[in-house]
Amino acid sequence: METAILKSISAENFASFADRVVFTCVADGSKKEYAMNTFKAGDDVINKVSYVYGSNGSGKTFFCKILREIQRIIALSPFSMMKSSQIKALFPSEELLKPIPKFAFDIAYQDLPTTLGIDMIIDNITYHYEFSFLGEKVVHELLTKKYRRTEKILERLSPSFQDITVRSELKSFEDTKRVVKEDALCLGMAAMLNNDFANMLVDTIKEINVFNMTAPRLNPGEMEAFSEERIEKYVKILQKADPTIRRMHVEYEEEEVARQKVDFDDFENREIIQTKTTVGVKTDHALYDHGVEIETGTDQIEFFKDESLGTVKLFTTLPYLFDVLENGGILVLDEIENGLHPALVKEMISLFIDEESNPHHAQLICTTHQPLLVSENVKRDQVWILSKDKYGKSSLKRLSDKSFSRTKVNLTNKILEGALGCNPDKFF
């Protein structure tokens, strides 16, 4: 299977997005500038890098949470048949079990469903998946595929499993669809019961990497991210930030923290296993005698505890950066510049533009406050503006929809001036 490509995401009545917003990575066909920033996928031309600008509180983090929420709800669907005590044993963090956040500042939206959607291109086939929740019940679910023509694979018109229609690759799930509860997604349940197609699509959506750079640490990646070859690459980069680093020692540990049997006859005594991964890092540093490095002398430190915050943040980003660049995929970074020098951030972004460092057309989507990131060689259709009105509603606009000539406008200056709507009114 070829690498999956993110085409678009959408949300309605979700968090600060009261009305429907749609974000797309498909390039604006009328803009011919900087062709090296794009690649071809089927009938579409896709932007390699997309920037989402907005003032504090405009909805940038909620924008990233659209993908996180889709991933979370798909992952939780198989647990719908379990008792609440069993679910809490598997998911001690109540954050994972919270209801979908609706738009909170207008009571008219409380009785409306929340709808989330995603479009992906896999092997030149475009899959559109969306679902709607009203309270804790699924009131709508739709999955289509498009290759020359559009075909419905899954359609759900009410919370009841009786109103679920499956076709094509999901047809084999017809006799088992009765296991789908009112608060569970049919696609997630089909994947749980090992439908190959559902598994492929669910795994593809789950593999989208979404991280908030303001967090003290990012979640550890897979064990392959800390191979000897990778660690050597990390050390070479980290030496630019801390020239005394010589070696890195990584302890990767994955342990089982919970195991629950699925209490349902059709699941054939299946078990759900929850694991916890921890990564410990120590680094060896050079010792000097009057400026001369001692060949046999090193000083070892606890990396996460004793190294600078910026160096730690750089390191925790590297595994995900190398994963998508070497294998293809989608990386979403909330506030990409947080803790990192702008020149370093621009260098990271350039890795996605360059064909040599990004042979599999990995995509980067980043939210940012940093106007210098679009100072040169950035297409207008790569830049999105988030803003919030006086009613608390966030809206999302594409810069290429604004009527001005790029040759006559400096995007960095316009963003600093607030002329494009992504800066707040003066606070003081």
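Biologist: A salt bridge here is a side-chain nitrogen of Lys or Arg within 4 Å of a carboxyl oxygen of Asp or Glu. Which residues are linked in a network of them?
Modeller: Arg230, Lys233, Asp323 and Glu326. This is a predicted model, where local features need pLDDT of at least 70, side-chain atom pairs count only at pLDDT 80 or more, and totals for chains, interfaces and linings use all residues. Residues are numbered from 1 along each chain as its sequence is written, and side-chain values use heavy atoms, with hydrogens and water left out.

Biologist: How many salt bridges does the structure hold?
Modeller: It holds 17. One of them joins the side chains of Lys48 and Glu355, at 3.1 Å from N to O. That pair links distant parts of the chain, 307 residues apart.

Biologist: Is Lys48 buried or exposed?
Modeller: Buried, because its relative accessibility is 1% (buried is under 20% relative accessible area, exposed over 50%, partly exposed in between, with a 1.4 Å probe and protein chains only). Glu355 counts as partly exposed, at 44%.

Biologist: And what does Arg72 pair with?
Modeller: Glu69, with the closest N and O atoms 2.5 Å apart. Both lie in helix H1, about one turn of the helix apart (helices are DSSP runs of H or I, at least four residues, numbered from the N terminus). Arg72 is buried at 15%, and Glu69 is buried at 9%.

Biologist: Changing topic, how many residues has the largest nonpolar core?
Modeller: It has 65, and Phe63 and Ile118 have the most contacts inside it. Such a core is a set of buried Ala, Val, Leu, Ile, Met, Phe, Trp, Tyr and Cys residues joined through side-chain atoms within 4.5 Å.

Definitions and conventions: Helix = DSSP H or I, 4+ residues; strand = E, 2+ residues; numbered from the N terminus.
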